[in-house]
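Please keep the sequence and the model open while reading.

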Amino acid sequence: MPAPDRQQLALDFSPIEGSPPVEWVIEDDLVDYEQAIAEMESRVAAISEGKANERVWLLEHPPLYTAGTSADEADLIMPDRFPVYKAGRGGQYTYHGPGQRVAYVMLDLKRRQQDVRAFVAALEAWVINTLWNYHVRGERREDRVGVWVRRPERSATSEDKIAAIGIRLRKWVTFHGISLNVEPELDHFSGIVPCGIQEHGVTSLVDLGLPVTMPENDMVMRAEFEKIFGPTALL
């Protein structure tokens, strides 16, 4: 299997010289969704005012569904299965739960590039380069956001989503971010049409036969993040 084009994916989204490292925070316990949003909103405001450093916050949520700004109610198949929250991010319905690494990315693009498309491409590259550490070829699609894995054992056109991306900006500070399926309960996705896409499925690293632990994945994600976004400091 050929590797992804590293030159194409070696995007540089590093900050201006003299910027402090991005704070890298990992939560050990499940974090309530509303609590996470409140803390993220507070942090984004502080970053925007120059009162706090940029931060990447890695966590897991209890099982829940979120509706992005483009969500279609018809895609919520089981509205009573898990709590449903409206999310300020772009996109449609998605699932969060244990075994899924959520990374909330709070960066000040005024210190980097004020280019939303380039930022999304950088997030995709971060995920794709992370996956290649496990020899999983993640791919982007022009017509749908996220990272996809081909499943040729099923058919020539079969593919599954392994990571979702949904972001929002306020005064050029980013929030929300990515979710990478490490070992979530994949049946939990059946309560929605993930991202409004019916013709493809959802997968995870463990579903692909890779017994990757969350701490192992966090180390890989941090190393690949730094190659694109610059230094981090573990808190």
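This is a predicted model: local features need pLDDT of at least 70, side-chain atom pairs count only at pLDDT 80 or more; totals for chains, interfaces and linings use all residues.

Residues are numbered from 1 along each chain as its sequence is written, and side-chain values use heavy atoms, with hydrogens and water left out.

**Salt bridges**

- Side chains of opposite charge can pair when their charged atoms come close.
- A search of the whole structure finds 20 salt bridges, each being a side-chain nitrogen of Lys or Arg within 4 Å of a carboxyl oxygen of Asp or Glu.
- One of them joins the side chains of Glu23 and Arg43, at 2.5 Å from N to O.
- Because Glu23 lies in strand β1 (residues 22-26) and Arg43 in helix α2 (residues 33-48), this pair ties together parts that are 20 residues apart in sequence; helices (H or I, at least four residues) and strands (E, at least two) are DSSP runs, numbered from the N terminus.
- Both Glu23 and Arg43 are buried, where buried means under 20% relative accessible area, exposed over 50%, and partly exposed in between (1.4 Å probe, protein chains only).
- Arg81 and Asp187 also meet through their side chains in a salt bridge, at 2.6 Å from N to O.
- Arg81 sits in the loop between β3 (64-67) and β4 (84-86) and Asp187 in the loop between β10 (173-181) and β11 (201-202), so the pair ties together parts that are 106 residues apart in sequence.
- Arg81 counts as partly exposed at 27% relative accessibility, and Asp187 counts as partly exposed at 43%.

- A salt bridge of 3.5 Å, N to O, connects the side chains of Arg151 and Asp207.
- Arg151 is in the loop between β8 (144-150) and β9 (159-170), and Asp207 is in the loop between β11 and α4 (214-229), 56 residues apart.
- Arg151 counts as buried at 8% relative accessibility, whereas Asp207 is partly exposed at 37%.

**Strand β2 and its neighbours**

- Strand β2 (residues 55-59) is largely enclosed by the rest of the structure, because four of its five residues are buried.
- β2 pairs with β1 in the parallel sense over four bridges; strands count as paired if DSSP finds at least two bridges between them.
- Leu58 in β2 stands opposite Ile26.
- β2 also pairs with strand β6 (residues 100-106), in the antiparallel sense over five bridges, and the bridge partner of Leu58 in β6 is Ala103.
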